[in-house]
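Subject: Structure handover

Hello,

Here is the structure you are taking over. Please open it next to this email and follow the residues as they come up.

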Amino acid sequence: MLRCCTVCCSVQDSGSPREKSFLLTSQWYPEAVIQMDRAIRRIEPWKIAVIVVSVIVGLALIIGLITFLLCHDQDRYYNASFLITNVDYNSQYERQTTDEFRNLSEDIETMMSEVFRGSFLSKRYIRSHVVSLSPDPVGVLASVVLVFKFPSADSEAATWGQVNRVLLRRLKATSTYLNVDQSTIRLTELNKEKGDNLLNNCCGIRRQAFSFTGVERITGGQRAREGEWPWQASIQLDGTHRCGASIISNTWLVTAAHCFRGVRDPRRWTASFGILLRPPKQKKFVRRIIVHERYGDNLLDHEYDVAVVELASAIEFTSDVHSVCLPEASHIFPDNSSCFVTGWGALENDGYSVNQLRQAEVRIISTAVCNRRQVYGGAITPGMLCAGYLEGQVDACQGDSGGPLVHANSRGIWYLVGIVSWGDECGKPNKPGVYTRVTYYRNWIHSKTGI
């Protein structure tokens with residue numbers, strides 16, 4: 001009160017009207033002035049600092065968000081079609097899983113890579129993928145999906161123009177083996193949904209690039225990442241994981257017959273998809289279970305260990321959930337080929353299933369070696385194959401049954417080599433995993449599913 005009165009009395013009448021008003025108010029309402037003064041002094045320096053920092057951080061976040069929206073890279077898809085005139089159409093091109101389709105597609109994709117890797121778009125180009133080879137009176141009409149990454153701020157018209165100019169200018173110079181009719185080149189931009197759908201409906205393709213570092217084990221090994229093995233499925237009895245399975249179409253799975261030993265009522269079975277059992281990406285009811293007619297429920301009988309499962313409704317194919325390729329019945333996977341087995345099985349013999357999908361790299365072991373006395377002593381028949389290591393350690397285990405053993409071809413397309421079937425415990429020396437050989441049962445699978 002004394003400080004206020006001293007200040008009030010020292011002000012002269014020559015002050016501005018605003019000052020006089022304040023003095024008049026303070027004289028009549030001294031308590032209000034005291035409370036205002038105390039309120040101002042109650043804001044401590046550290047609180048002011050917090051307010052300033054909060055404002056700065058808020059502005060930085062807003063600026064960062066605007067920058068991200070304007071400058072971050074996004075996938076852009078294009079469909080390139082053109083006529084190849086020095087290759088005669090082969091009926092084997094109708095199926096993407098044939099060697100003939102693979103060989104010509106690999107040549108086309110290599111040519112596309114050379115076109116864009118050698119241009120100013122080299123850092124923008126991601127990949128190409130042949131989606132169809134169609135007959136033409138003078139050759140083969142190829143349809144290729146091209147994937148690029150461009151800043152989101154770049155206009156669609158501008159990026160299409162860049163891709164089209166490079167394609168027209170460099171394709172003629174690059175196509176040494178394949179003769180492309182320049183007048184037939186067409187480039188169409190695809191929206192993200194259509195581009196994704198085209199790729200997701202191609203079997204055995206993985207949208208992301210993954211690197212593998214050495215040998216990993218399901219029994220204690222590396223966890224799988226989203227989209228790494230999109231064809232992996234879990235089949236569940238009364239809601240509990242029983243076996244693995246592989247997606248071969250949007251309504252069909254292939255798995256092991258022994259998974260249904262004693263329980264074949266489809267109403268008790270469901271299938272889930274994604275790397276986690278809980279929560280799954282998708283879940284479906286089962287309509288029908290078809291076990292190989294010659295499979296027996298004898299625990300010691302491992303012949304004809306194959307079954308197909310029809311789902312009650314179609315799977316929605318995404319980059320994380322779609323089909324693996326089935327090999328032709330005549331295809332041979334060489335001994336010592338690198339493969340991957342995946343599943344939610346136990347990490348040790350007689351252990352429990354895990355919630356996140358795991359992977360193991362194994363190698364195909366010849367039947368002659370696997371039938372040695374110290375290994376499986378002649379138990380491996382033509383419908384089976386061995387994969388793993390004679391020194392043990394790396395193997396599938398309980399709960400992995402029915403799951404996929406896959407191998408990538410030279411295009412990076414993944415094929416189903418085997419179905420986890422049986423073995424002597426898990427990871428024992430001289431006791432590698434034994435798998436149902438898919439090529440041996442390829443015609444049976446086609447007869448039941450049409451695939």
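In what follows, helices (H or I, at least four residues) and strands (E, at least two) are DSSP runs, numbered from the N terminus. The model is a predicted one, in which local features need pLDDT of at least 70 and side-chain atom pairs count only at pLDDT 80 or more, while totals for chains, interfaces and linings use all residues. Residues are numbered from 1 along each chain as its sequence is written, and side-chain values use heavy atoms, with hydrogens and water left out.

Confidence

pLDDT is the predictor's confidence in each residue, from 0 to 100. The protein chain averages 87, and 85% of the residues score at least 70. One is residues 1–29, for which the model has twelve contacts beyond four places in sequence; contact here means heavy atoms within 4.5 Å. The other is residues 209–217, with 25 contacts beyond four places in sequence. Where pLDDT is low, the predicted coordinates should not be read in detail.

Gln-393 sits in the loop between strand 13 (384–388) and strand 14 (404–408). Its phi is positive, about 75°, although Gln-393 is not a glycine. Asn-336, in the loop between strand 10 and strand 11, also has a positive phi of about 75° without being a glycine. For burial, the cut-offs are under 20% relative accessible area for buried, over 50% for exposed, and partly exposed in between (1.4 Å probe, protein chains only). Gln-393 is partly exposed because its relative accessible area is 48%. Asn-336 has a relative accessible area of 48%, so it is partly exposed.

Pro-279 is in the loop between strand 8 (269–273) and strand 9 (282–291).

Pockets

Rolling a probe the size of a water molecule over the atoms shows where empty space is left. The search uses a 1 Å grid over the protein atoms alone: a cavity is a set of points where a 1.4 Å probe fits but cannot get out, a pocket is an open set with protein on both sides within 12 Å along at least five of seven lines, and lining residues have an atom within 4 Å of a point. Grid points are joined across faces, edges and corners, and a volume is the space filled by probe spheres set on the points.

The largest pocket has a volume of about 520 Å³. Strand 6 (240–247), strand 15 (414–422) and strand 16 (433–437) are the elements that give two or more residues to its lining. That lining has 28 residues, and those nearest the centre are His-258, Cys-397, Gln-398, Gly-399 and Ser-401. By class there are eleven nonpolar, eleven polar and six charged residues. Ala, Val, Leu, Ile, Met, Phe, Trp, Tyr, Cys and Pro count as nonpolar, Asp, Glu, Lys and Arg as charged, and the others, Gly among them, as polar.

The second largest pocket has a volume of about 390 Å³. Of its 21 lining residues, Arg-95, Thr-97, Leu-326, Arg-442 and Ile-451 lie nearest the centre. The classes are nine nonpolar, eight polar and four charged.

Which residues does Leu-326 contact, leaving aside its neighbours within four places in sequence? They are Thr-97, Ile-248, Tyr-415, Leu-416, Val-438, Arg-442, Ile-445 and Ile-451. Leu-326 belongs to the loop between strand 10 (307–311) and strand 11 (338–343). It counts as buried because its relative accessible area is 4%. Leu-326 and Val-438 are 112 residues apart along the chain, and their C-alpha atoms are separated by 7.9 Å.

Cavities

How many cavities of 30 Å³ or more does the structure hold? There are three. The largest cavity contains about 50 Å³ of space. Its lining includes Trp-229, Pro-230, Ile-275 and Leu-357. By class, the lining has four nonpolar, three polar and three charged residues.

In helix 7 (residues 192–200), the buried residues are Gly-195, Asp-196, Leu-199 and Asn-200. They cover an arc of only 125° around the axis, so they are on the same side of helix 7; the arc is that of the directions from the helix axis to the C-beta atoms. Glu-193 and Lys-194, on the other side, are exposed. The buried residues of helix 7 pack against strand 1, strand 2 (125–136), strand 3 (139–151) and strand 4 (180–190).

Ser-81 lies in strand 1 (residues 73–84). Ser-81 is buried, with a relative accessible area of 19%. Not counting residues up to four places away in sequence, Ser-81 touches Ala-142, Thr-184, Ile-185 and Arg-186.

Regards
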